Amino acid sequence: MTTIPTYDTIRAIAARLVQQQYPTAVAAIIGGSFATGRQTPTSDIDLLLLFEHVDCAWRSTIVAEGRTVELFAHDVATFTYFCQEMDAPGGTVPLAHMVLEGENIVAGGEAYGRLLALAQTIDAAGPPVLDVDDLQRRRYAITTLLEDLVDSRHPGEALAVACQLYAALADLHLRAAGQWSGGGKHLFRHLQAFDGAVAGQLDGALRLAAGDLPAGQRAFAQVSAAVLAPVGG
């Protein structure tokens, strides 16, 4: 049985990697599952490297001491650009949340302090407000997906639609309330943290759609009505 490495073990691997290969980094932040205590035996090490200057931001996947490491390299300018111009318009700021959740393992805290303050400011600003047109497009997309799901008699097709509907409802519920969203597992985590009841309803509806389609159709109709009601039905 493969054991889950301790955080101290992962921290030591990351620290050696930075010292040996990226000694000019002014901050190095361990994020992801090891920062939040959700690691599994095969979890990657997510490592955000901050430099005084980079010609362009870069991302790389390497192996260090047998562990896969996902590297995200930035300076303050590229970090700001990716958060505010690339990610935030879509309602997510994964880099900022990596800083907020993670730990800096490079000595000397001035650069890290600036980055942390920037991440806090970006997070506190919240995502862009959904305008009337965006809300209308989202409502239309959700009701169309719900109609497709309710009309479906093919389990495979229905499950594919249900997965799309799950994501659309979760994202709308978060964004309409001014909350940051996410993708994949992070979408569920953000929703669960914001509204555990709706997260549970959506999770239950999706599980029903996979095992008892009529029950899943009814469950999705109920949670769709609940999510759409505050934004015009």
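Reply: Two strands are said to pair if DSSP finds at least two bridges between them. Helices (H or I, at least four residues) and strands (E, at least two) are themselves DSSP runs, numbered from the N terminus.

Me: Okay, and what kind of model is this?

Reply: It is a predicted model, in which local features need pLDDT of at least 70 and side-chain atom pairs count only at pLDDT 80 or more, while totals for chains, interfaces and linings use all residues. Residues are numbered from 1 along each chain as its sequence is written, and side-chain values use heavy atoms, with hydrogens and water left out.

Me: How many helices and strands does the protein have?

Reply: The protein has ten helices and five strands, and its C-alpha trace spans about 60 × 45 × 25 Å along the principal axes. Of the 233 residues in the protein, 44% are buried, where buried means under 20% relative accessible area, exposed means over 50%, and partly exposed lies in between (1.4 Å probe, protein chains only).

Me: In what order do the strands sit in the sheet?

Reply: The five strands form an open sheet in the order 3-4-2-1-5, with mixed pairing. Strand 3 (58-64) and strand 5 (103-104) are at the edges and have a single partner strand each, so one side of each is left without a neighbour in the sheet.

Me: Which helix packs on that sheet?

Reply: Helix 1 (residues 7-21) packs there and touches strand 1, strand 2, strand 3, strand 4 and strand 5, with contact meaning heavy atoms within 4.5 Å. The direction of helix 1 makes about 40° with that of strand 2; axes are lines fitted to C-alpha atoms, for helices over the stretch in contact, and angles run from 0 to 180 degrees between N-to-C directions.

Me: Back to strand 2, then. Is it buried or exposed?

Reply: Six of the six residues of strand 2 (residues 45-50) are buried, so this strand is largely enclosed by the rest of the structure. Both of its faces are covered, with Ile45, Leu47 and Leu49 buried on one side and Asp46, Leu48 and Leu50 buried on the other.

Me: Which strands does it run alongside, and in which sense?

Reply: Strand 1 (residues 27-31) runs antiparallel to strand 2 and is joined to it by five bridges, and Gly31 has Asp46 in strand 2 as its bridge partner. With strand 4 (residues 67-74), strand 2 pairs in the parallel sense over six bridges. In that pairing Asp46 has Glu70 of strand 4 as its bridge partner, and Leu47 stands opposite Leu71.

Me: How many residues of strand 4 are buried?

Reply: Seven of the eight residues of strand 4 are buried, so strand 4 is also largely enclosed by the rest of the structure. Strand 3 pairs with strand 4 in the antiparallel sense over seven bridges, and here Ser60 stands opposite Leu71.

Me: Changing topic, how do helix 7 and helix 8 pack?

Reply: Helix 7 (residues 155-176) packs with helix 8 (residues 185-194) at an angle of about 45°, and their axes are 10 Å apart. Tyr166, Ala167, Ala170, Asp171, His173 and Leu174 of helix 7 make the contact with Leu187, Phe188, His190, Leu191 and Phe194 of helix 8.
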